[in-house]
Amino acid sequence: MMSERDTVYLAWQAPETRSWHVVGALRELNGRYEFQYTRGVLADEKFVPFSGMDDINKIYVSDELFPLFRNRLLSRKRPEYPHFIRWLGLTEAEATPLKILARSGASRGTDQLQMFNKLEIGPSGIFEHYFFAHGLSHLAKSAQKRVDSLHGGEALYLCRDCQNPHDKDAVLVRADKPSEIVGYCPRYLAVDMGRLLEGADYMTVEVERVASDAPINYRLMCKVQGRLSHSNGDASFQQDEYKFVV
């Protein structure tokens, strides 16, 4: 059985509703890889199990990274690889396959999948999480320039975008003085972020790093941290979709 910590989750976007669902979890254990479907696969009848992993009730184990994930890794032989790792905020030693998949999102233009680390609440209620701001390419050029002017440690703010016609759970990221939207939380994290906005004892967001030479989806890395009291419940915070089918 997988533990939740050090697990990389797989999100899938339903083609008709455009909603994101957590459909699987990948973990490396003792030099082997395990993949297991999560309850998000039951949320939309359009979901189809992945090739070679047709049974959603089975735990898959392999000595090598499954092709579904291996094909999402940038080859170390590519000349841009050192830049890519730097954009992700990883050192060469830290750049394991699972960390690269989680930090980069591992998206491809040919499907609607994203990989990420779950926002974990520690035993004392403390949480810390990193994510790249999404949606910057859809914002005004002034927002893109504003991102390039940000610096590490600068305060950011999360706000619900309740009137967003595309996503009722959308959470935007804004800079201050002057106030300007600089991106959005990834949609597969938006529900969790929204719940933290409502229930956290305290919560801060800041610029972790800005990579002006990076592709726009890796331009702004944000760090969120805070505390969720036990009265709000660590176990109850977890969405059902993160739970394993078996």
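What share of the 246 residues in the protein chain is buried? Buried residues make up 47% of them, where buried means under 20% relative accessible area, exposed over 50% and partly exposed in between, with a 1.4 Å probe and protein chains only. Please keep in mind that this is a predicted model, in which local features need pLDDT of at least 70, side-chain atom pairs count only at pLDDT 80 or more, and totals for chains, interfaces and linings use all residues. Residues are numbered from 1 along each chain as its sequence is written, and side-chain values use heavy atoms, leaving out hydrogens and water.

**Overall build**

- The protein chain has six helices and 11 strands; these are DSSP runs numbered from the N terminus, with helices (H or I) of at least four residues and strands (E) of at least two.
- Its C-alpha atoms fill a box of roughly 50 × 50 × 40 Å along the principal axes.

**Strands S1 and S5**

- Strand S5 (residues 113-117) is mostly covered, with four of its five residues buried.
- S5 pairs with strand S1 (residues 8-13) in the antiparallel sense over five bridges; strands count as paired if DSSP finds at least two bridges between them.
- Within this pairing, Ala-11 stands opposite Gln-114 in S5.

**Helix H4**

- Ala-143, Gln-144, Arg-146 and Val-147 are buried in helix H4 (residues 141-149).
- These four lie on the same side of H4 because they cover an arc of only 160 degrees around the axis, taken from the directions from the helix axis to the C-beta atoms.
- On the other side of H4, Lys-141 and Lys-145 are exposed.
- The buried residues of H4 pack against several strands, including S8 (171-175) and S9 (180-184).

Terms used: Contact = heavy atoms within 4.5 Å.
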